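Please look at the sequence and the structure before reading on.

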Amino acid sequence: MHKNKGFGVEEKIRVGIINYLNTRPLLYGLQFPPITEKIELIEDVPAKLAELLLNDQIDVGLVPVAITRKLPQYYINGNYCIGAIGNVASVCVFSQVPLEQVEKIYLDYQSRSSVALCRWLILNHWKIHPEIIDARNEAYLDEIKGTTAGLVIGDRALQQRTKFEYIYDLAGEWKNATGLPFVFAAWVSTRKLPDHFIAEFDKANAYGLDHLDEVIARIPEGIYDLKKYYSQDLSYTLDEEKRKGLDRFLKILAAPL
Ligand SMILES: C=C(O[C@@H]1C=C(C(=O)O)C=C[C@H]1O)C(=O)O
């Protein structure tokens, strides 16, 4: 993609995708023609994808919605997202003690949306006063013990689920606080993408969701029930209610804390 040009017929659209299990249903259909010939996939953790979009190193990405406030203009493309109507299972604060006894909370360095949501819940919903520490690397996972809690997202969160007595699910907590679903990530671009491309892309996203058993069959069995994860915990359609939840969250972020 050239900076000041439109999207040429020959040029591949650079698509940033999250390298967690949560995106597999959306990605499944992207491996088939015609869409596969039109895109270049770039995989990374959410926080890194956000940086790539901000630096114009991808054209569209499934990026944390919290970073849209840093973009002078942006478009939310298509009808799919990484969202949840209630508990999401893979975005949680893990702790050995109840929240009221927590003295420190580490925030996941791979996240942008959930860290902002967590800060808001701490102040406005849980009304607790722990020391908040931005984790810098994976080593923080070992610090989550005693009165130190930690926010963990993605596959690593699914792995933590068996290890902790107290698990606070951030999408569930958002639902309790606002009555709305939560959108963690959406297909954001900084320039308008061609309509026919968005239509094809959207169709490809839908394909995997319509063929979940095929998607799951290609993933080695692991620590969590993927059928449940993809059909009950995560909710991928960017419908009216999700858009309301998204608007509310972005308004909260725009207001000074
Ligand atoms: C549901 C999830 O949503 C994610 C959380 C994100 C964030 O906190 O910035 C971004 C993308 C998603 O991967 C998850 O990671 O498990």
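## Strand pairing and domains

Strand β3 (residues 60-64) runs parallel to β1, and two bridges join them. One of the residue pairs here is Val15 with Val60, the latter being the bridge partner in β3. The model is a predicted one.

Strand β1 (residues 13-18) also pairs with β2, again in the parallel sense, over six bridges. Here Gly16 has Ile42 of β2 as its bridge partner.

| Strand pair | Sense | Bridges |
|---|---|---|
| β1 and β2 | parallel | six bridges |
| β1 and β3 | parallel | two bridges |
| β5 and β9 | antiparallel | four bridges |

**A residue in β2.** Ile39 is found in strand β2, which covers residues 39-44. Is Ile39 buried or partly exposed? A residue needs 20 or more other C-beta atoms within 10 Å of its own to be buried. Ile39 has 19 C-beta neighbours inside 10 Å, so Ile39 counts as partly exposed. Leaving out residues up to four places away in sequence, Ile39 touches Lys12, Ile13, Val15 and Leu30. Thr68 lies 29 residues from Ile39 in sequence, and the distance between their C-alpha atoms is 22 Å.

**The open sheet.** Five strands make up an open sheet with mixed pairing, in the order β7-β6-β8-β5-β9. Its edge strands are β7 (131-134) and β9 (166-169), each of which pairs on one side only. From one strand to the next, the twist averages 20°. Within this sheet, strand β5 (residues 91-95) and β9 pair in the antiparallel sense over four bridges. Ser95 has Tyr166 of β9 as its bridge partner.

Two helices that pack on the sheet can be described in turn. Helix α3 touches β5, β6 (104-107), β7 and β8 (148-153), and the direction of α3 makes about 140° with that of β8. Helix α5 (residues 170-178) touches β5 and β9, and the direction of α5 makes about 60° with that of β9.

**Two domains.** The domain assignment of the protein chain gives domain 1, made of 13-85 + 182-239, and domain 2, made of 91-178. Taken over C-alpha atoms, the centres of domain 1 and domain 2 are separated by 24 Å. The contact between them takes 17 residues from domain 1 and 14 residues from domain 2. On the side of domain 1 that touches domain 2, α2 (46-54) and β10 each supply at least two residues. The residues of that side divide into 16 nonpolar, one polar and no charged.

Conventions
Residues numbered from 1 in each chain as written. Predicted model: local features only at pLDDT ≥ 70, side-chain atom pairs only at ≥ 80, totals over all residues. Pairing = 2+ DSSP bridges. Axes fitted to C-alpha atoms, helices over the stretch in contact; angles between N-to-C directions. Contact = placed C-beta atoms within 7 Å. Buried ≥ 20, exposed ≤ 12 C-beta atoms within 10 Å, placed from the backbone. Domains from an automatic or database assignment. Nonpolar A, V, L, I, M, F, W, Y, C, P; charged D, E, K, R; others polar.
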